[in-house]
Amino acid sequence: MNNLKIFGKFLDQPILISKLNKSMPKIMACGAGIILANDAVDVFKKSNEDKNAKKELFKKAATMTFAITSALLAPKIASKITKRKPLETIYEIEKKNEKLIGNFLKNNNLSDEAKNLLEKAKNKILTFNEVKKLTQNLSQNNNGKKLFKELIPDPQNIQAKDIFSEIGYLSIYGAIPVIGGILGGICADKATKENSKEKITDKINEGVYQYLANIFMCNVGAGLALSLLEKAKITSKSARAIGMTTGIILTGVVGGSKIANMISKKIICPVICPNKKQKERKPEIMDLGLHTDDIATVSLLSGLKWIEPILPILYSISGYKAGIGYRN
């Protein structure tokens, strides 16, 4: 097994994924705290010159809080709606590993190095070098190979029949932070007495854009491409990744952008704020950062599970953008 595959195995350790998932609220809270603390320093410096600076900091904090909280709740809600099995807990993984490794050690003779590595693998994360050494020790016979695959399962290519159920999960997942961000932005505006139909319109328009251009249509594009690749009997992970990325660009970035702008122009603005002159939302360089979540979509649909715990970070970006009514 080459170093790239071993690195993939290192990332796909179930206990690493579960611990990362459990730590995500703290990670996101710390990240938001650092951003807001940095902004608070700037506000303190210019508070005498700009009386609105404190209001803007409060609105940013409120919007960010709503977007992050909803992003953290999103996987649980989406799993319940789609009846998708959630990530295993640390306790479940440790219990399974204890049984697998205990039975294997009783029936197989191993070196002291291999035994120590397996004992650690019961409840701790192995380093890259430790995964490499464990691979070398267990690859000498079929029983060892089988155990290694049970401890760190190989990525499974999603079948055509499962594609759109997975897309449904991701689309619901992505919608929740966007809705949360919009609600947070509206609440912040009301609290600072700056609420207006124009601002609400901007938030909803941006939310529609974020969801269609950066989430939903991208998921659909990836799914359609994956379905076509399945019909063509193409199983290569690199080919699937390239195909899904192409589907994302054509269906999401291009098509989603046009559909979102049309909905804003024909429906949202006329209903909420008829007198508002709608500014067309165009894709820009800054939006490319938001398409990191599409890379995550490609990875997840390709069968890589290590990307799933960081989805709340990626989707909360779209939620925050919607909450501040970002329009280029």
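Mentor: Let us begin with the term for the elements: helices (H or I, at least four residues) and strands (E, at least two) are DSSP runs, numbered from the N terminus. On that basis the elements of the protein chain run α-α-α-α-α-α-α-α-α-α-α-α from the N terminus on, and the chain has twelve helices and zero strands. This is a predicted model, in which local features need pLDDT of at least 70 and side-chain atom pairs count only at pLDDT 80 or more, while totals for chains, interfaces and linings use all residues. Residues are numbered from 1 along each chain as its sequence is written, and side-chain values use heavy atoms, with hydrogens and water left out.

Trainee: What makes Lys59 and Glu194 a salt bridge?

Mentor: The term requires a side-chain nitrogen of Lys or Arg within 4 Å of a carboxyl oxygen of Asp or Glu. The closest N and O atoms of Lys59 and Glu194 are 2.6 Å apart, and the pair counts as a salt bridge. Lys59 sits in helix α3 and Glu194 in the loop between α8 and α9, and the pair links these distant parts of the chain, 135 residues apart. Lys59 itself is buried, because its relative accessible area is 10%. Glu194 also meets the side chain of Lys199 in a salt bridge, at 3.2 Å from N to O, and Lys199, at 29%, is partly exposed. Glu56, Lys59, Asp189, Glu194, Lys199 and Lys203 are linked in a network of salt bridges, and the count by this rule comes to eleven.

Trainee: Which parts of the chain does the salt bridge between Arg84 and Glu308 tie together?

Mentor: For this pair the closest N and O atoms are 2.9 Å apart.

Trainee: How do you know how α2 is oriented to α3 and to α12?

Mentor: Two packed helices are described by the angle between their axes and the distance between the axes. Axes are lines fitted to C-alpha atoms, for helices over the stretch in contact, and angles run from 0 to 180 degrees between N-to-C directions. Angles under 35 degrees count as roughly parallel, over 145 as roughly antiparallel, 65 to 115 as roughly perpendicular and the rest as oblique. The axes of α2 and α3 come within 10 Å and cross at roughly 175 degrees, which makes α2 roughly antiparallel to α3. Residues making this contact include Met28 and Leu36 of α2, together with Leu57 and Met64 of α3.

The axes of helix α2 (residues 14-46) and helix α12 (residues 311-323) also come within 10 Å, but cross at roughly 40 degrees, and α2 is therefore oblique to α12. Here Met24, Ile27 and Met28 in α2 meet Pro312, Ile313 and Ser316 in α12.

Trainee: What is noted about the phi of Lys83 and of Lys193?

Mentor: Phi of Lys83 is near 55 degrees, a positive value in a residue other than glycine, and Lys193, also not a glycine, has a positive phi of about 60 degrees. Lys83 is placed in the loop between α3 and α4 (90-107), and its relative accessible area of 77% makes it exposed. Lys193 is placed in the loop between α8 (160-191) and α9 (197-231), and at 78% it counts as exposed.

How values were computed:
Contact = heavy atoms within 4.5 Å. Buried < 20%, exposed > 50% of the residue type's maximum accessible area, 1.4 Å probe, protein only.
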